[in-house]
Every structure is written in C-alpha cells, then in structure tokens.
Amino acid sequence: LFEKQSDTTPIMRLPPLRLATAAFISRKSAVPHSSRSLFSTTAFALNMKSNAATQAEGTVIVGGGIAGLAVATALRNVAGVSNVKVLEASTKAEFKNNDAGAAAQLGPNGLRALKFISSDDDGVVQKVLDMGGILEGNVMMMPGGQTMAIPDTTQVDTGMPQVLVRWGRLRSILADQLPEDIVITDAGEDIAGYQLSDGDDNSHVSMIDASGHPIADLSSTPLIIGADGVRSTFRALVRNDVTHLTTDSNDASGEDVKYGGRINIKAVVNKSLGEEYKSGHTHAAFAPDGSVAVFAGPAGHDATYWAISVADSVNEGDSVTFIDGLPTGVEGKMALKEKLLAKLNSLDSDPYITAVIDLINETSAEKIFCQKSEEAKELGAHPLHSADGRVVLAGDAAHAMSASYGQAANFALEDAATLAACIRDGDDLDGALKDYSKKRLDRCIEMQARSAERAAKAMKGEQVEDVSKWIFQWEIA
C-alpha cells in the first residue's frame, strides 16, 4: 500500500496469464457479460440447479466482512443457493456503521468479480466508482521537498480504474445485495470447531464451542465457509486437519500468523489533502530509516484516506511495538491518536507530513482503525478446504497477505466469484471445493509472496518488479 512502483528487470517468472480480450479492454464492456447471467435466466428459471448447489443449501458463513458478504451474495446470485446464513461477531449497530474500518482499494480484478456476483450487473460497480476516489497516479514525496509522480495506467490498460472506497460503505453495498435476515449479528465468536449432527446421514455438521458443546441457535449445515479474517479459527482447523481446537482458539489461530513488525493506523476523514497536492493521486513518504511510512489518497468527494505504518523499535536487542496491544474504546483510541501525532511531529519538518498531521487532527478518535501488520504463513500446497469437505476458506482466512498491493478486498471478491462458479457447475459439493482450491491456490501463493517481497524491499528503499498488470488481468475461470 505504501510502496512505489518501478520498472526493474523481473526477478522471478510469473505464472502463465490469460490474455485480456477486446471486451475486457473496452470501457463499455470492461466487465464481460458473464455466463452467470445466462445461467440465471435459463437453468435457474427451470429449477435446474447443480448437484453441488443443491447440497450446499443451508451453508453457514462465519464472518460478515467483505469476504463473507461477497461469498453469500455470490452463492445466491451465481450458484442459486438460496438458504445461506452469515454469522457476524459484531453488534447490529456496529455492522450497520458505514464508517467502520478505513478504506479498501479495488482494481479491475475486484470490480470484475463484484459485477459477476451482483444481482444488478453494472449498477453495483458504478456505485463503488461514484462513492470512491478514482486513482490517477502515485506521488512519492522525496527528501528535500522533491516529488516523483508515477501515473496510474490501469484505466488505459484495462478500461477500468483503481478506486479507494470506504470499507464500511463497500460492506454496506454487499449487505444490500442480501435479504436482511441472512446476516446474524452477535454470533460466531465462540465457535471452536464442528462435529457430525445427531440423527443425520453424515451430510451435516454442527458448530461447537471450546468445550466441545454444540452452540445453541446455530442450525446444522452441510458446509462452513470460514471468512473470519487474518486470525482465522477455520484456517487453524483446515491446516491442522482437525475438527476442534482444544486449546484457546485465539492462541491456535495465531500460530499460523506471521507478524510483519509494524503497526498500521488509518482512517478516512471528510477533508481534502489540500489544493497543493495532485488531485486523484495517492501520496507516500518514508522516514529515511524506513521506520515510518505516511500515506494519503482520495477516498471519495472531499474525503481522504490516511494511513501511517510505524515499525517496531529495538531497545537493548528487544523488539518494542509502537503500542502495547490494540486500543479499544474512545479513551484508548484518543491515547493512540495523541501518540501518533507525537511520533509524526518528531520527524523532520515537511509540508506533506504537516498536511497529514492536519488530517489526523480532523479525524475523530473513535474512527481511527489500528491493526498489526499480520499475514498468514505461506500457503504451501495445503488446499483451501478441509479433508472432510466440511470447511472451505475465503478472504483473509484463506490467504491474508501484506497490504503492499492493496489486494485483500480484491482477492476476497475473486474467491467469492470462483467458489460460487465452482458450486454452480459442480457435480457434487466435494468436487466443487476441490475445483475451487485448485483454481485459487497458485494465484494466492504468488500474490502472497509478491506482496511480502514488495513490502520488505520498499521499506529499505530497494526497487522491486511491479506485477500490477498480472494482478489486474484476472478473469473468472
């Protein structure tokens, strides 16, 4: 997210790409009319649903973020799976908060996936473009006040732009695609595994807590989709080939997480960066030692997304994080805001840093989002589903990665589109999950590695191959 682009010689060979078609490059038909639309107007009308889709009726999705809502939307609109539930740990008020989170960056791959899974084709994509900030380039703020502008050629290359949109509003757009009773709030946080349902033909499972007891009010399901984020309970189950976490679920899910040594603090504020800064461009600056990265970019009409990444310091050989634990509540976030401002004010005086400080001063403390730079450990050859076919992973739960390319939301949407298409076309649910994993795994492994490489080298001021064109050429298989 903070790194500059470069045109250096490739350092590794990329996997084969599908070449963009003329329809993809054309602005008007940038997102080709999908086979989903044809299927929905013919097979669905005749109640011709695949065996896999029939078997998936009653699916439960754990996690009501971008990935979970996208998967629910895709299952209903693409695969015709009408009986779907989403369990979301936050309260109803928190879930309805359109200002939650900070911002999500969507590119042509994410926008294409969003159109594929949506019920009103171009309408949803247009909503995102209208409410977000279209990215026209990136400006690197150099020492001494010099700048280096790098144009964003995404729209010229693909017919579709990159856009920064408020995370909460993107979530709201996806939630609007679903009947209101599908999302159950205040639910799912105590899940630690699953077991075969009583009196069943082994086709359904029930979710259980850490003590192994069935969780009341949660019906049995043929499939659990883990969309529960970076510290995913279900990734821990899948990777360890178990059905129940007997240790504390937070500890178990954290074992598969790699900490990047930085704290990322960010928000969207209703204030522009300033007329002296290039409109439609992101701006990024780095402390000479890479200890602090400062980013700001357009997030819609008169709104700016700002993000500060602070590296751990070293004290007598020990690593010390910028803050102890992640702040909660208004008081905790007010203290975080004060500490962040003090950190930025300690840097060498710079007009850009001053402008970002002004943005932070204008930001309400409760709207500041803070997270550790965490990513899932390397995927390796392990599939994205459990061996028994009861669990499949999507979004950060499947492949949490560095934010250096801003691909978290995009890959969550790709996951949703691919999983739904596999279930739509599958002879049986088990085969559909294997097909999904096969189609996603290599791409996710490559993206995870490239993101980590870019993040590490950029903080050292080293150049790295930009693979954005490979990212954006994704098409639904």
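**Charged pairs, a sheet and some helices**

Trainee: Let me start with E180: is it buried or exposed?
Mentor: E180 counts as exposed, because its relative accessibility is 57%; the classes are buried under 20% relative accessible area, exposed over 50% and partly exposed in between, with a 1.4 Å probe and protein chains only. Keep in mind that this is a predicted model, in which local features need pLDDT of at least 70 and side-chain atom pairs count only at pLDDT 80 or more, while totals for chains, interfaces and linings use all residues. Residues are numbered from 1 along each chain as its sequence is written, and side-chain values use heavy atoms, leaving out hydrogens and water.

Trainee: And what does the side chain of E180 meet?
Mentor: It meets the side chain of K96 in a salt bridge, at 3.8 Å from N to O, where a salt bridge means a side-chain nitrogen of Lys or Arg within 4 Å of a carboxyl oxygen of Asp or Glu. The two residues come from distant parts of the chain, 84 residues apart, with E180 in the loop between α9 and β8 and K96 in the loop between α5 and β3. Those element names are DSSP runs numbered from the N terminus, helices being H or I with at least four residues and strands E with at least two. K96 itself is partly exposed, with a relative accessible area of 46%.

Trainee: How many salt bridges does the structure hold?
Mentor: There are 16 salt bridges. One of them joins K469 to D157, with the closest N and O atoms 3.9 Å apart; K469 belongs to helix α17 and D157 to helix α8, so this pair ties together parts that are 312 residues apart in sequence. K469 is exposed at 54%, and D157 is partly exposed at 30%.

Trainee: What about E446 and R450?
Mentor: Their side chains form a salt bridge at 2.9 Å, N to O, and both residues are buried. They sit 4 residues apart in helix α16, which is about one turn of the helix. A network of salt bridges also links D99, R166, R169 and K367.

Trainee: Changing topic, what order do the strands take in the open sheet?
Mentor: The order of its 3 strands is β3-β7-β4, with antiparallel pairing. β3 (103-106) and β4 (133-135) are at the edges with a single partner strand each, so one side of each has no neighbour in the sheet. From one strand to the next the twist averages 25°. Helix α9 packs on this sheet, touching β3 and β7, and its direction makes about 90° with that of β7; axes here are lines fitted to C-alpha atoms, for helices over the stretch in contact, and angles run from 0 to 180 degrees between N-to-C directions.

Trainee: How many bridges join β3 and β7?
Mentor: They pair over 4 bridges, and β4 is joined to β7 by 3; DSSP must find at least two bridges between strands for them to count as paired. L164 in β7 stands opposite Q105 and also opposite G133. In β3, A103 and Q105 point one way and A104 and L106 the other, and all are buried.

Trainee: Next, why is α4 called largely enclosed?
Mentor: Because 13 of its 14 residues are buried. Its end C-alpha atoms are 19 Å apart, which agrees with the 20 Å that 14 residues should span at 1.5 Å a residue, the expected span being 1.5 Å times one less than the number of residues. After α4 comes G80, whose phi is positive, near 75°.

Trainee: Which residues is E57 in contact with?
Mentor: Leaving aside neighbours within four places in sequence, E57 is in contact, meaning heavy atoms within 4.5 Å, with K49, G80, V81, S82, N83 and P222. E57 lies in the loop between α3 and β1 and is buried at 19%.

Trainee: Last one: what caps the N-terminal end of α13?
Mentor: D350 does, with a side-chain oxygen 2.8 Å from the backbone nitrogen of Y352. Y352 is one of the buried residues of α13, and what covers those buried residues includes β5, β12 and α12.

Methods: Polar contact = N/O pair within 3.5 Å; in protein donor to acceptor, adjacent residues only side chain to side chain.
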